[in-house]
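Colleague: Hi, could you walk me through this model? I have not looked at it before.

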Amino acid sequence: RRFACGIRNGRSFGFGFETTETTRPAMIQAFWGGGKSWNSSTIVPLMDWAEWPTATEGRIYLDEGTIKKWTGRLMQIVEENDNLHKLFPWVSKPKTGDPRAKIWGFEGFCIAGNPIRQRSWEARTIGSQPTGFRYMRAGFDDVVSDKEATTASIQDRNLDYIKRVGLTMRK
């Protein structure tokens, strides 16, 4: 899939981004400050929902503060971006009175186009209980570098969690 424009801070901007369908793990690689977290936490879910309204997105972050930061930014885009709504009206906040509107908060939210009453987006911290995770796409962001995980033992523990929880498909 190709995505040729983006939305940031309520404004459209141009860029190129291409994904391929795969069952193998994928990684977004870019220079420091190159938008890896932005792509993983906003562009990828928006692209998925544009194509599959029932897509479920899960992200694992280091701490609650990071969850609130990225979930809040994505919620704001889904709720308020008129340009997005013109192209993909189903990628919006459910209307008041819709049972899915009750699934709207930092713990997770449902987009209007999802016919199933379930979270379209959910974020958790590294090390959280993995039981029940069933996402069409899951991502891990900044959980194993020496900046975020200050000791080798913490980095090893986080990497083990990623292998146990996120990389469970057969090779």
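**A walk around strand β3**

Modeller: Happy to. Let's begin with D48, which lies in helix α1. Helices (H or I, at least four residues) and strands (E, at least two) are DSSP runs, numbered from the N terminus. This is a predicted model, where local features need pLDDT of at least 70 and side-chain atom pairs count only at pLDDT 80 or more, while totals for chains, interfaces and linings use all residues. Residues are numbered from 1 along each chain as its sequence is written, and side-chain values use heavy atoms, with hydrogens and water left out.

Colleague: Is D48 buried or exposed?

Modeller: D48 is buried, with a relative accessible area of 2%. Buried means under 20% relative accessible area, exposed means over 50%, and partly exposed is in between (1.4 Å probe, protein chains only).

Colleague: And how far is D48 from R137 in space?

Modeller: Their C-alpha atoms are 8.8 Å apart, although D48 and R137 are 89 residues apart in sequence.

Colleague: Let's zoom out. How many helices and strands are in the chain?

Modeller: The chain has 4 helices and 7 strands. In sequence order the pattern is β-β-α-β-α-α-β-β-β-β-α.

Colleague: What share of the chain is buried?

Modeller: Of the 171 residues, 37% are buried. As for contacts (heavy atoms within 4.5 Å), take those between residues at least 6 apart in sequence: 57% of them join residues at least 24 apart.

Colleague: OK, now β3. Which residues does strand β3 cover, and where is E57?

Modeller: Strand β3 covers residues 57–61, and E57 lies in it. E57 has 1% relative accessibility, so it counts as buried.

Colleague: What is E57 in contact with?

Modeller: Leaving aside neighbours within four places in sequence, the contacts of E57 include V44, P45, D48, W49, Y135 and R137. That brings back D48 from helix α1.

Colleague: What about the rest of β3: which residues are on which side?

Modeller: E57, R59 and Y61 are on one side, G58 and I60 are on the other, and all of them are buried. In general, side chains in a regular strand alternate between the two faces of the sheet.

Colleague: Which way do β3 and β6 run, and how many bridges join them?

Modeller: β3 and β6 run parallel, joined by 5 bridges. Two strands pair if DSSP finds at least two bridges between them. The bridge partner of G58 in β6 is E122, and that of I60 is R124. β6 is mostly covered too, with 4 of its 5 residues buried.

Colleague: And what about β7?

Modeller: Strand β7 (residues 137–140) is also parallel to β3, with 4 bridges between them. There, E57 has R137 as its bridge partner.

Colleague: Where does L62 sit?

Modeller: L62 is in the loop between β3 and α2. L62 is partly exposed, with a relative accessible area of 26%.

Colleague: Then comes α2. Which of its residues are buried?

Modeller: The buried ones in α2 are I67, W70, T71, L74, M75, I77 and V78. They are on the same side of α2 because they cover an arc of only 160 degrees around the axis, where the arc is that of the directions from the helix axis to the C-beta atoms.

Colleague: Changing topic: which residues touch the most other members in the largest nonpolar core?

Modeller: L46, W49, L74, V78, F109 and W121 do, in a core of 20 residues. A nonpolar core is a set of buried Ala, Val, Leu, Ile, Met, Phe, Trp, Tyr and Cys residues joined through side-chain atoms within 4.5 Å. α1 (36–51), α2 (64–80) and β6 (121–125) each supply at least two residues of this core, and α2 gives the most, with 6 residues.
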